[in-house]
Amino acid sequence: MEIIQTMIRQYQSDDTDALASIWWSASVLAHPFLSNGFMAQEDENLRNLYLPNAETWVLEQTEKPVGFIALIDAEIGGLFLCPSCHGQGLGKMLVDHAANLKGPLSVEVFERNHIGRRFYDRYGFSETGRYRHEASREITLRMTMPSV
């Protein structure tokens, strides 16, 4: 039986292609309602704006990135895992890591992102507001985790 070594480390610029690939495969699965044009613009934003400016933590298994969480202060700007890694507790591991650093977190998630909403609901986040995301025209939920 192979032992899978899992670790969380800080983002480095040479992670960009791997993380963009993870983002794309997870986003296509969770956000089938988003337009191709929106997705292409978000890919560019991820590479040139979000990753370089957020506090990003990379989850590796056997020295290969399989997921990441990007933080802006105590807000989750993005949480993405390779779809093959869903359901293994790795997303919880990333959120636990971020909460240990920042305290209670908040997140915005598309109302139609059933994968993300199910994850945050199970974690214990609760809805605190909603609005229409201007660029995508999608309803977005603001959620916060309970204080400990």
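Hi everyone, thanks for coming. Please keep in mind that this is a predicted model.

The largest pocket holds about 1200 Å³ of space. It is lined by 49 residues, and the closest to its centre are Gly77, Gly78, Leu79, Phe80 and Tyr120. Several elements give two or more residues to that lining, among them α1 (16-30), α3 (90-102), β4 (75-81) and α4 (114-123). Which element gives the largest share of the lining? That is α2, with eight residues.

The whole structure has seven aromatic pairs. In one of them, phenylalanine 119 and tyrosine 120 sit edge-to-face, with 5.1 Å from centre to centre and 80° between the planes. Are these two residues buried or exposed? Both phenylalanine 119 and tyrosine 120 are buried. Together with Tyr123 and Phe125, they form one aromatic cluster.

Last, the backbone. Most residues other than glycine have a negative phi. Two loop residues here are worth a look. Threonine 62 has a positive phi, near 50°, and belongs to the loop between β2 (55-61) and β3 (64-72). Its relative accessibility is 45%, so threonine 62 counts as partly exposed. Arginine 137, also not a glycine, has a positive phi of about 65°; you'll find arginine 137 in the loop between β6 (126-132) and β7 (139-144).

That's my tour, thank you!

Key: Residues are numbered from 1 along each chain as its sequence is written. This is a predicted model: local features need pLDDT of at least 70, side-chain atom pairs count only at pLDDT 80 or more; totals for chains, interfaces and linings use all residues. Side-chain values use heavy atoms; hydrogens and water are left out. Helices (H or I, at least four residues) and strands (E, at least two) are DSSP runs, numbered from the N terminus. Buried means under 20% relative accessible area, exposed over 50%, partly exposed in between (1.4 Å probe, protein chains only). Rings of Phe, Tyr and Trp (its six-membered ring) pair if their centres lie within 6.5 Å; planes under 30 degrees apart count as stacked, over 60 as edge-to-face and the rest as tilted. On a 1 Å grid over the protein atoms alone, a cavity is a set of points where a 1.4 Å probe fits but cannot get out, and a pocket is an open set with protein on both sides within 12 Å along at least five of seven lines; lining residues have an atom within 4 Å of a point. Grid points are joined across faces, edges and corners, and a volume is the space filled by probe spheres set on the points.
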